[in-house]
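This briefing walks through one structure by topic. Have the model open as you read, and check each point against it.

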Amino acid sequence: MHGVRKETVEELDTSSNVADRLAGLVASLPIAAVIVARNDLFGFTSLACNDAFATLHAILDSQQGVSPFILERDRLAALLASLESGEKNVSERWCSSDLVDPREIDISAARLNNMGVNGDNVFLISFVDRTAEIQNQRNLHREMLSDSLTGLYNRTGFEEAVDNALSHSDADGQNDENFAIIAIDLSRFSQINEYAGAIVGDELIVTVASRLKNILRGRDILARIGGNEFAIFARLSDDAADIDAICARLTSVFDAPYSLSGLQVNMDAAIGIGVGKAGNGDPSDTIRQAQIALKQAKRTNKIELYRKEVLDTFRMRFSLETDLRHALDNDALSLAYQPLIDLSDGRVIGFEALARWEHPVHGMIDPGDFIAVAEECGLIVPLGKWVLSKAVHSLKEWDDAVGFTLPIGMNVNLSAVQFARDDVAQSVRDVLEEANIDGKRLTLELTESAILSDPDRAAQAMHALKALNTCLAMDDFGTGYSNLAYLQKLPIDILKIDRSFVTEMLQDRDSVSIVRAVLSLANALGMETTAEGIETVELSNTLAALGCTHGQGYYYSRPLSADDALAYYLERSAKV
Ligand code: C2E
Ligand code: CA
Ligand code: CA
């Protein structure tokens, strides 16, 4: 056996025993190697090889189409020809075509100078079997692309698989084919996980995955792209019909209950769909669009197809959310105060505080819009507290400005979301104490939705508010479910008749009868009434005649700044 030789090929003496030296050279190499001579007459002749080459060759010998040089003769010839034409060394990857035991081998060849035997060119060809290494890499890659729980593709794997699927449709010449990405989010999954434990949660994911697999068509691709989020890639031949069919099959997945470790659960899912065209843009855009549609679906409880407007609303909402947070932190919101009038004598009995936000770029934002954003992202709780505190302190400032306690109150709107999330009674108690304002001067305006979502909790909170001596008003009355039964059980002092009925009263008999019915109901239940949206003197008179207690609207005044509101009060009370 020879050790690793130090001398270079060029240093070898051609006159001594060439065959021995060549044998020594290849034997010294740690990798499979063979030395060949090329002559015009015989093509290639093997001059020497090492044990590693013999072993490799034996493995490959059983495989079809493997020449003694491992490479097919033509390819070997081409390789060596480029060396003869001056290249220093060449290499290429050779893959055997064997299906049972495919091999991938890196082949490098170099010309050995001064080693000519009979004037033939001599080459050293070495072989590194990369099969195991490449297999490992592939396995690792596959692991990186798949979800270990379900064995499905993960997000990265899904993107790659979709890319592949779409580039193959290129090859079929169908590169304008439409496809859909369907994003599916299991609703309530985190609750089930929390309640029943992670093992049941995992079981649920696996069961959903297998039900989803069952509804796939041949070339569809399923992936788990998040904790409780799946995605499907589906080719479309007839967009609308295909999407309908997919949705119907998807719905069936969630129709039947799931039995998990003795637990029966009904699963529901939000579904968002994005549609793309093969060869047109990046498929990951379509995945993102499906996820945007999914977000929308969570809000609407319907299957949503991505539309550009959805993205625009989403972007607008997102930037509004960020900007609103900023505005709240920087005290950039303000309040406007709209007078509330006693319809029997025209006195100002108080003001409704209305939130205002002047956006640095978009100008005044409709409170309907930013309140909705605040409710969605949870900012409504700090926003609601801010409004409450600001409004109650304004009342205090007005008292201080005139030097006595004004006989007026303040109405503050409470959003249903704020009502459900915050300990509103606690916040109210703190603010009243801090500003030193009597609870009876504060009216909290609630909507029916605040009560409907959790009637027991709502009743409790309302009683807690009543214990602070505050008044409770039912806002926008008539627009919701108007379930009068619960009104009787709850401590409501005032019904605010929604503007839509008031505005239409003069044209529409139905509206008149609704208002009349609400007024007599309120009367029967011992409640006061406030009509919103009074814009004309006729409305003011009609409502007063019908026995409505209070009124509010542009006819009296638009919402005013704090200073203007106090001035309005002072001027009006001087007249009355
Ligand atoms: P809302 O509580 O029903 O408030 C009355 C709305 O009617 C106000 O709109 C007011 O400006 C408007 N309005 C009053 N009189 C008239 C009138 O004669 N004609 C017409 N066309 N409109 C009149 P605004 O200020 O745009 O507020 C809209 C809604 O935003 C409010 O409806 C309320 O639901 C919500 N909102 C405003 N501020 C707050 C707040 O601080 N907290 C909560 N939770 N919601 C608020
Ligand atoms: Ca209101
Ligand atoms: Ca209202």
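L452 lies in helix α15, which spans residues 448-452. L452 is partly exposed, because its relative accessible area is 33%, and that falls between the 20% and 50% limits. Its C-alpha atom lies 9.3 Å from that of A416, and 36 residues separate L452 and A416 in sequence. Note that this is a predicted model. The points below cover the ligand site first, then individual residues in helices and loops.

**Ligand 1: the shell**

- The shell around ligand 1 holds 21 residues.
- Which residues come closest to ligand 1? They are Q338, R356, R499, E535 and Y554.
- By class, nine residues of the shell around ligand 1 are nonpolar, five are polar and seven are charged.

- Q338, one of the closest residues, places a polar side-chain atom 3.0 Å from a nitrogen atom of ligand 1.
- The side chain of N413 has an N or O atom 3.1 Å from an oxygen atom of ligand 1.
- E532 has a polar side-chain atom 3.3 Å from an oxygen atom of ligand 1.
- How much of ligand 1 does the protein bury? Taken alone, ligand 1 exposes 790 Å², and the protein buries 84% of that.

**Ligand 1: pocket and contributing elements**

- Ligand 1 takes up the space of the largest pocket.
- Which element gives the most to the shell around ligand 1? It is β14, with four residues.

- S28 is found in helix α1, residues 18-28.
- Is S28 buried or exposed? S28 counts as buried, because its relative accessibility is 8% and the limit for buried is under 20%.
- The side chain of S28 also reaches the backbone oxygen of L25, at 2.6 Å.
- N523 sits in helix α19, residues 509-524.
- N523 counts as exposed, because its relative accessibility is 60% and exposed means over 50%.
- From N523 to T549 the C-alpha separation is 9.9 Å, and the two residues are 26 apart along the chain.

**Helix residues: partly exposed**

- A54 belongs to helix α2, residues 51-61.
- A relative accessible area of 41% makes A54 partly exposed.
- A54 and A33 are 21 residues apart in sequence, and their C-alpha atoms are 8.9 Å apart in space.
- S252 has its place in helix α8, residues 239-255.
- S252 has 39% relative accessibility, so S252 counts as partly exposed.
- The C-alpha atoms of S252 and L212 are separated by 9.6 Å, with the residues 40 apart along the chain.

**Loop residues with positive phi**

- Most residues other than glycine have a negative phi.
- Which value does phi of R188 take? Phi of R188 is near 60°, a positive value in a residue other than glycine.
- R188 is in the loop between β6 (178-186) and α6 (189-196).
- R188 counts as partly exposed, because its relative accessibility is 43%.
- N436 is not a glycine, yet has a positive phi of about 60°.
- Where is N436 found? N436 lies in the loop between α14 (424-435) and β17 (442-446).
- N436 counts as exposed, because its relative accessibility is 59% and exposed means over 50%.

Conventions: Residues are numbered from 1 along each chain as its sequence is written. Chains are lettered from A and ligands numbered from 1 in the order in which they are written. This is a predicted model: local features need pLDDT of at least 70, side-chain atom pairs count only at pLDDT 80 or more; totals for chains, interfaces and linings use all residues. Side-chain values use heavy atoms; hydrogens and water are left out. A residue is near a molecule or strand if one of its heavy atoms lies within 4 Å of it. A polar contact is a pair of N or O atoms within 3.5 Å; within protein, one must be able to donate a hydrogen and the other to accept it, and residues adjacent in sequence count only if both atoms are side-chain atoms. Accessible areas come from the Shrake-Rupley method with a 1.4 Å probe; for residues, only the protein chains shown count as cover. On a 1 Å grid over the protein atoms alone, a cavity is a set of points where a 1.4 Å probe fits but cannot get out, and a pocket is an open set with protein on both sides within 12 Å along at least five of seven lines; lining residues have an atom within 4 Å of a point. A molecule sits in a cavity or pocket if more than half of its atoms lie within 2 Å of its grid points. Helices (H or I, at least four residues) and strands (E, at least two) are DSSP runs, numbered from the N terminus. Ala, Val, Leu, Ile, Met, Phe, Trp, Tyr, Cys and Pro count as nonpolar, Asp, Glu, Lys and Arg as charged, and the others, Gly among them, as polar. Buried means under 20% relative accessible area, exposed over 50%, partly exposed in between (1.4 Å probe, protein chains only).
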